[in-house]
Amino acid sequence: CASSLETVFRADSAEIKQVCFTHASQFVLHGVNGYTIAGGYVPPGFYKRLSAASSAGSEIHKVCLSKLSPKGYWVSDEDGWQCSGLGTDLSAELEKAPLPLHVCHAQDGEWLVIRDFGFACSPGKCGASSLQYNNLDS
């Protein structure tokens with residue numbers, strides 16, 4: 001693991017924007033659309049989306065790799081967003097506006113979606129307001 005992490009962090013001297021870890025792989029987003037992946041399995045749709053953004057010069061904003069499913073991911077870039085393998089409730093939440101700022105999908109299946117001025121989380125985990133948009137502005 002240490003050698004693959006060294007590879008990831010030494011891949012580019014550009015500004016590191018985000019780091020993601022799963023049980024099998026590590027991901028670093030750097031610069032506008034640069035990325036480095038080390039370790040195990042990478043979902044094909046995830047890799048295809050990143051490659052297309054990088055080739056087109058589009059900015060990659062945020063990435064979430066599921067810790068529950070090796071095939072689960074969420075990517076936000078200049079062209080919108082894409083997700084796969086995240087389960088029914090989380091996928092339905094991601095369809096709602098506004099666009100998430102970040103998404104987390106834990107190994108136990110729990111999830112959190114962070115948006116401007118609010119968040120949503122797994123059913124039964126946000127108290128009485130589960131699956132409702134929780135406004136942080138009030």
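Predicted model: local features only at pLDDT ≥ 70, side-chain atom pairs only at ≥ 80, totals over all residues.
How much space lies in the largest pocket of this chain? About 150 Å³.

Residues are numbered from 1 along each chain as its sequence is written, and side-chain values use heavy atoms, with hydrogens and water left out.

Overall layout, then. The protein chain has three helices and 10 strands; helices (H or I, at least four residues) and strands (E, at least two) are DSSP runs, numbered from the N terminus. Read from the N terminus, the order is α-β-β-β-α-β-β-β-α-β-β-β-β. The chain has 138 residues, and 38% of them count as buried. Buried here is under 20% relative accessible area, exposed is over 50%, and partly exposed is in between, with a 1.4 Å probe and protein chains only. The accessible surface is about 7,300 Å², and carbon and sulfur atoms hold 54% of it. Those areas come from the Shrake-Rupley method with a 1.4 Å probe; for residues, only the protein chains shown count as cover. Among contacts (heavy atoms within 4.5 Å) with a separation of 6 or more, 29% are between residues 24 or more positions apart.

Next, helix 2, residues 44–56. Which residues of helix 2 are buried? They are Phe46, Arg49, Leu50, Ser51 and Ala53. Their cover includes strand 2 (25–30), strand 3 (34–39), strand 4 (60–65), strand 5 (73–77) and strand 6 (80–84). Pro44, also in helix 2, is exposed, because its relative accessible area is 56%. From Pro44 to Lys71 is 27 residues in sequence and 8.3 Å in space, C-alpha to C-alpha. Just after the helix, Gly57 has a positive phi of about 75 degrees.

Two of the strands in that cover form a hairpin: strand 5 is joined to strand 6 through two residues. The two pair in the antiparallel sense over five bridges, where pairing requires that DSSP find at least two bridges between the strands.

A pocket is an open set of points on a 1 Å grid over the protein atoms alone, with protein on both sides within 12 Å along at least five of seven lines; a cavity is a set where a 1.4 Å probe fits but cannot get out; and lining residues have an atom within 4 Å of a point. Points are joined across faces, edges and corners, and volume is the space filled by probe spheres set on them. The largest pocket has 13 lining residues, and Cys64, Leu65, Lys67, Val103 and Cys104 lie nearest its centre. Strand 1 (16–21), strand 4 and strand 7 (102–105) each give two or more residues to that lining.

How many cavities of 30 Å³ or more are there? One. The largest cavity holds about 100 Å³. Its lining has 14 residues, with Thr22, Ser25, Tyr41, Pro43 and Pro70 nearest the centre.

Gln107 sits in the loop between strand 7 and strand 8 and is exposed, with a relative accessible area of 60%. Leaving out residues up to four places away in sequence, Gln107 touches Lys67 and Leu68.

Some backbone details to finish. Where is Pro98 found? In the loop between helix 3 (88–94) and strand 7. The peptide bond from Ala97 to Pro98 is cis, with omega near -5 degrees. Phe117, in the loop between strand 8 (111–115) and strand 9 (118–121), is not a glycine, yet has a positive phi of about 65 degrees. Phe117 counts as exposed because its relative accessibility is 55%. Trp111, in strand 8, is buried, at 7% relative accessibility. Trp111 and Cys121 are 10 residues apart in sequence and 5.5 Å apart in space, C-alpha to C-alpha.
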